[in-house]
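Student: I have a structure open and I'd like to learn how to read it. Can we go through some features one by one?

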Amino acid sequence: MLNRAVVLIIAWPQLLQAAEGPIQTRIIPKTGEKIGAVGLGTFIVFNFKDDAVKMEACKKVVQNMIAGGSTVIDTAPRYEEAEERVGDVVDSFSFSRIRV
């Protein structure tokens with residue numbers, strides 16, 4: 001049985017491609033930092049264990065998200081395995097600056 005994440009990627013392969021053009025940003029009033037107006041939700045797509053194929057797909061999604069200029073990933077302990085998978089993906093990249 002296919003899960004929703006796999007169905008989304010099969011139905012809309014452009015989800016694995018970076019968007020063209022600049023993304024909309026918003027400024028955090030207290031810090032003045034610009035962040036993407038749209039972030040990456042992880043509750044369904046990143047909620048898995050021990051699946052190398054899904055992990056590679058998630059890495060590609062995050063790579064494209066970053067390449068497109070977005071910087072916000074939404075996760076929480078309540079998202080079951082998703083929070084740990086996000087950590088695994090982030091750990092697999094080398095960033096000059098990352099704030100969790």
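This is a predicted model: local features need pLDDT of at least 70, side-chain atom pairs count only at pLDDT 80 or more; totals for chains, interfaces and linings use all residues.

Student: Is Ser70 buried or exposed?

Tutor: Buried means under 20% relative accessible area, exposed over 50%, and partly exposed in between (1.4 Å probe, protein chains only). Ser70 has a relative accessible area of 9%, so it is buried. You'll find Ser70 in the loop between H2 and E4. Helices (H or I, at least four residues) and strands (E, at least two) are DSSP runs, numbered from the N terminus.

Student: What does Ser70 touch, not counting residues up to four places away in sequence?

Tutor: Contact means heavy atoms within 4.5 Å. By that rule Ser70 touches Ile23, Val38, Gly39 and Met65, leaving out residues up to four places away in sequence. Val72 is in the loop between H2 and strand E4 (73-74) too. With a relative accessible area of 26%, Val72 is partly exposed. Setting aside residues up to four places away, Val72 touches Ile35, Gly36, Gly39, Leu40 and Met65.

Student: Which residues have the most contacts inside the largest nonpolar core?

Tutor: The general idea is that in soluble globular proteins, nonpolar side chains tend to be buried together. A nonpolar core is a set of buried Ala, Val, Leu, Ile, Met, Phe, Trp, Tyr and Cys residues joined through side-chain atoms within 4.5 Å. In this chain the largest one has 14 residues, and Leu40, Phe46, Cys58, Val62 and Val89 have the most contacts inside it. Helix H2 (52-67) and helix H3 (82-92) each supply at least two residues of this core, and H2 gives the most, with five.

Student: What about H3: which of its residues are buried?

Tutor: An α-helix has 3.6 residues a turn, so residues three or four places apart point the same way. In H3 the buried ones are Ala82, Arg85, Val86, Val89 and Val90. Seen down the axis of H3, they fall within an arc of 135 degrees, so they line one face of the helix; the arc is that of the directions from the helix axis to the C-beta atoms. These buried residues pack against H2 and E4.

Student: How many aromatic pairs are there?

Tutor: Rings of Phe, Tyr and Trp (its six-membered ring) pair if their centres lie within 6.5 Å; planes under 30 degrees apart count as stacked, over 60 as edge-to-face and the rest as tilted. The count here is one. The rings of Phe43 and Tyr79 have centres 5.2 Å apart and planes at 65 degrees, so the pair is edge-to-face. Phe43 lies in the loop between strand E3 (40-41) and H2 and Tyr79 in the loop between E4 and H3, so the pair ties together parts 36 residues apart in sequence.

Note on methods: Residues are numbered from 1 along each chain as its sequence is written. Side-chain values use heavy atoms; hydrogens and water are left out.
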